[in-house]
Amino acid sequence: MNSTIKGILAILISSIGFSLMAVFFRLSGDLPVFQKSLFRNLVAMLVPIYIAYKARVSFFGKLENQPLLILRSSLGLIGVLLNIYAIDHMVLSDADMLMKLNPFWTIILCALFLNERARKYQVIAMIVAIAGAIFIIKPSFDSDMTPAIIGLLSGLFAAGAYTCLRPLGKREKAYTTVFYFSFFSTVVLIPFVIFTYEPMSITQVIILLLSGVFATVGQFGITIAYSYAAAKDISIFVYASVVFSALLGFIIFKESPDLLSYLGYIIIFLAGYYMFKKAQRNPKPEESIEKGES
């Protein structure tokens, strides 16, 4: 297999990992989002600890990079918490697709805060993708759309975290950044978990541990994918997770997106595909924004 095929396979494995993470979050029952997120981060912290130790890289990064590491971790944590809420209250594939808007939000944030010029085709794709999101959210201006708005915000906060990774990628090793995020999230979440703690059965504990395992598979799958191939060559395959989420949601929870959601999926996918094809024709290779989800 050439490097591109390896990258595609890794990104598909990552998509399955993130889809199963969402399934296990849902199966764990009506537990506080802080509790669910803590388990995710405790498990996800173990692998980067081992890799950072073996590679002899810093666990916490350079002193001058602390403000950026803290900002990246804070935005990423909020994105994860909002995403878990959306997973618990929406059709799985709807929540997943709203999170998949983060590359489009990243274009705006990079233009605003990093002075990266947004290309014309990126702006067009972004407008089309937002139009697609409206079909998923189905604005009704009442409490019924609250989970959808929160799902939309999860992608926005994730995009903020990914924007921080632009400058961080040149200053810190990837595994340092991944460990820092998991460690920071764990420390911040502990007080919230103490005050909102809900007793769990052994089954729930096992399910939450599995959610952390599959989150780790997702995170490192996409990290490995982008080590094999450029984002412009494989990024479109991240949308495979929406297909996996829809299938798992139908099989396990007997849920099915409505026709408007399907229309929204198609519009967002076409916007992503348009941006993907334009990036391939771009003579200047585009830098990967993220090596993993929030």
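I looked up the start of helix 13 and found that Asp258 caps its N-terminal end, with a side-chain oxygen 3.3 Å from the backbone nitrogen of Leu260. A polar contact here is a pair of N or O atoms within 3.5 Å; within protein, one must be able to donate a hydrogen and the other to accept it, and residues adjacent in sequence count only if both are side-chain atoms. Helices are DSSP runs of H or I, at least four residues, numbered from the N terminus.

I note that this is a predicted model, in which local features need pLDDT of at least 70, side-chain atom pairs count only at pLDDT 80 or more, and totals for chains, interfaces and linings use all residues. Residues are numbered from 1 along each chain as its sequence is written, and side-chain values use heavy atoms, without hydrogens and water.

I then checked Ser256, in the loop between helix 12 (240–253) and helix 13 (259–281). Ser256 counts as partly exposed because its relative accessibility is 46%; buried means under 20% relative accessible area, exposed over 50%, and partly exposed in between (1.4 Å probe, protein chains only).

I listed the buried residues of helix 13, among them Ile268, Ala271, Gly272 and Met275. Phe104 is in contact (heavy atoms within 4.5 Å) with these four residues, and also with Ala125, Met126, Ala129 and Tyr239, leaving aside neighbours within four places in sequence.

Of its 63 residues, Leu98, Leu101 and Phe104 touch the most other members. Helix 1 (residues 3–27) supplies the largest share, ten residues.

Terms used: Helix = DSSP H or I, 4+ residues; strand = E, 2+ residues; numbered from the N terminus. Core = buried A, V, L, I, M, F, W, Y, C linked by side-chain atoms within 4.5 Å.
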